[in-house]
Amino acid sequence: MCKQEQPQVFMTRFMGDYTARLSSEQFADLKNRANRGELYYLPDIEGFFDDPKHFAQLKALCGYTHPAISDRCREQGLDMPLFTSLPGMKKFAESKLKLQFCDICVAGRKVFLCEQLLYSRPDLDKHNKSGDDTGPLAEANFKGHPLCKFCKQRFYDSNDLYKHMESAHEHCFLCRRDHPGQYVYYRHYKELEEHFQND
């Protein structure tokens, strides 16, 4: 696949001798073909499709849908609403289905929204503190979101916690020089000043 940014893209599932080859004039006419119903058009990505299944799959990835919400609605006999925003989807999942997204994962885990995990309240607490027992994060050896002991705020991973500690809290440059593998932080400069005076 070409990695150069394009104003619009034509996607086909047909490979080999059956792959459509488009001239620049035909490519410019994609929108007209979509208007005539010859192609499927996904405006979110300026994409044109000749296969309805492929179109539906990518549309689901680009929209506010989630298989766990669809399944739970079907089980409970609820109509599946059409979500237009993440907050609306989260509110429905929490109020009607008693399921929650991990906001830290939604912000930090690089997957499509439909691939994010949903949790019950107790499972979300366990996820944050010690990780998951099953699923893709358990397989990746995820052990929970690390906590800043000063701010009581959790971060996606140890790299994000480290960035936070370096920017929001203090460390002793003398101790760091003597013990480069140890990361000792102080809540604010006043605590660091006390460390200088006492140690």
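Reader: Which residue in E3 is the bridge partner of Leu42?
Author: The bridge partner of Leu42 in E3 is Gly47. This is a predicted model, in which local features need pLDDT of at least 70, side-chain atom pairs count only at pLDDT 80 or more, and totals for chains, interfaces and linings use all residues. Residues are numbered from 1 along each chain as its sequence is written, and side-chain values use heavy atoms, with hydrogens and water left out.

Reader: How many bridges join E2 to E3?
Author: E2 and strand E3 (residues 47–49) are joined by 3 bridges and run antiparallel. Two strands pair if DSSP finds at least two bridges between them; strands (E, at least two residues) and helices (H or I, at least four) are DSSP runs, numbered from the N terminus.

Reader: What is the strand order in the sheet?
Author: The open sheet has 3 strands in the order E1-E3-E2, with mixed pairing. Strand E1 (9–11) and strand E2 (40–42) each have a single partner strand, so one side of each is left without a neighbour in the sheet. From one strand to the next, the twist averages 25°.

Reader: Changing topic, at what angle do H4 and H5 pack?
Author: Helix H4 (residues 67–76) and helix H5 (residues 86–97) pack at about 35°, their axes 12 Å apart. Axes are lines fitted to C-alpha atoms, for helices over the stretch in contact, and angles run from 0 to 180 degrees between N-to-C directions.

Reader: Which residues of H4 meet H5?
Author: Ile69, Arg72, Cys73 and Gln76 of H4 meet Met89, Phe92, Ala93, Lys96 and Leu97 of H5, where contact means heavy atoms within 4.5 Å.
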